[in-house]
Amino acid sequence: MAGMAAPSFVPHAASLPEGWEWLVGTPLQIVVVVLGALAVRWILHRAITRAVHAMETRGTTPEVVGKEGALSPARARLRAAAGLDDERRRQRAATMGSLLRSVTTVVVLAVATLTVAAQLGIQLGPLMASAGVAGVAVGFGAQSLVKDYLSGIFMIFEDQYGVGDVIDTGEAVGTVEEVTLRITRLRDANGVVWYVRNGEIIRVANRSQGWSTSLVDVPVSYDADIRKVTSVLDEVVDALWQDETWGAKLIERPDVAGVESVGGGAITFRVIAKTAPNENFGVTRELRRRAVIALENAGVKAPPVVPGYGNVNPNLPPVK
């Protein structure tokens, strides 16, 4: 009937046995808070897991095969260095997922703990004030540590470099052996291991991402025929491009740029080659070796020796 109150199925405090009022009150609320925290944590972790899976599969495209039906080694290295490698993407996504899951767990746990403390009648005002003062003190003392961790998070998230890359951090140049949220460990050409704090890295140059460039300057005598030298160098780069071993290290056919400089009785020709990451040093040496042999066989003279360098004393035996 209208005006009649709906029946209540919740026991009234007066109708409960002695001692049950407290049990239905605070403990029940604490249980609800704990269960709610667990549910929120499960939902957030599930969302993070799905986001990580989306990051792992995003950008995956079919391999572009060549005429032989397979991706060339140089192209494969190029894809891996550019951050397109599936395994590297999975590792980066897994790292970020683990970090986000840890952060959400700490936040949910902190909120649930404060809520339970409030239900137990603990005064949170003085506690929060003391925690604020302690937080400021710890913040001043650990600000460099926080800076290191934040820098490490962004480095991993942005994929600035990874294990195996050759990087220049300003203080040290070497191959990355380990990347954590706080430090980056790398080994230089002399075998020295460097531990660089992520917060101290102001700028970083990645020599392994994408591709490398090989610049070869070939000096010849001033009276050499420019067209002949260009033709010889074209044959050299064609042979290198067609070579099975060295061609796999090249991204594209090297280019004979032409005359780079004239002076000191010499004409300097420049050859530019785009190589797979970290392969530019070997390609430079091989290009220079082949160019010297080809020019010598073609009868192209080397530039005269500048006084002060080499064997300038005619009484001395020639250098072999």
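These notebook entries record what I looked up in a predicted model.

**Conventions**

I number residues from 1 along each chain as its sequence is written, and side-chain values use heavy atoms, with hydrogens and water left out.

**Overview**

I found eight helices and eight strands in the protein; helices (H or I, at least four residues) and strands (E, at least two) are DSSP runs, numbered from the N terminus. Of the 320 residues, 29% are buried, where buried means under 20% relative accessible area, exposed over 50% and partly exposed in between (1.4 Å probe, protein chains only). I then looked at contacts, defined by heavy atoms within 4.5 Å. Among those with a separation of 6 or more, 63% are between residues 24 or more positions apart.

I took two strands as paired if DSSP finds at least two bridges between them. Strand β2 (residues 173-179) pairs with β3 (residues 183-187) in the antiparallel sense over four bridges, and a hairpin of three residues connects β2 to β3. E178 has R185 in β3 as its bridge partner.

Next I followed β3 to strand β4 (residues 193-197), where the antiparallel pairing has five bridges. T184 is partnered by V196 in β4. Five residues lie between the strands of this hairpin, and G191 there takes a positive phi near 85°.

**The sheet β6-β8-β7**

I traced an open sheet of three strands in the order β6-β8-β7, with antiparallel pairing. β6 and β7 are the edge strands, each pairing on one side only. The twist averages 25° from one strand to the next; for such angles, axes are lines fitted to C-alpha atoms, for helices over the stretch in contact, and the angles run from 0 to 180 degrees between N-to-C directions. β6 and β8 are joined by 10 bridges, and V216 stands opposite V271 in β8.

I also checked which helices cross these strands. α6 lies across β6, β7 and β8, at about 25° to β8, and α8 lies across β6 and β8, at about 20° to β6.

**Helix α6**

The 17 residues should span 24 Å, and the end C-alpha atoms are 24 Å apart, which agrees. At the N-terminal end, D225 caps α6 through a side-chain oxygen 3.1 Å from the backbone nitrogen of R227.

I listed V229, V232, L233, V236, V237 and L240 as the buried residues of α6. They cover an arc of only 135° around the axis, which puts them on the same side of α6; the arc is that of the directions from the helix axis to the C-beta atoms. R227, E235 and Q242 are exposed on the other side. The buried residues of α6 pack against β6 (212-221), α7 (244-247), β7 (255-263), β8 (266-275) and α8 (280-297).

**S214**

Not counting residues up to four places away in sequence, S214 touches V271, I272, A273, T275, N280, V283 and T284.

Notes:
This is a predicted model: local features need pLDDT of at least 70, side-chain atom pairs count only at pLDDT 80 or more; totals for chains, interfaces and linings use all residues. The expected span of a helix is 1.5 Å times one less than its number of residues. A polar contact is a pair of N or O atoms within 3.5 Å; within protein, one must be able to donate a hydrogen and the other to accept it, and residues adjacent in sequence count only if both atoms are side-chain atoms.
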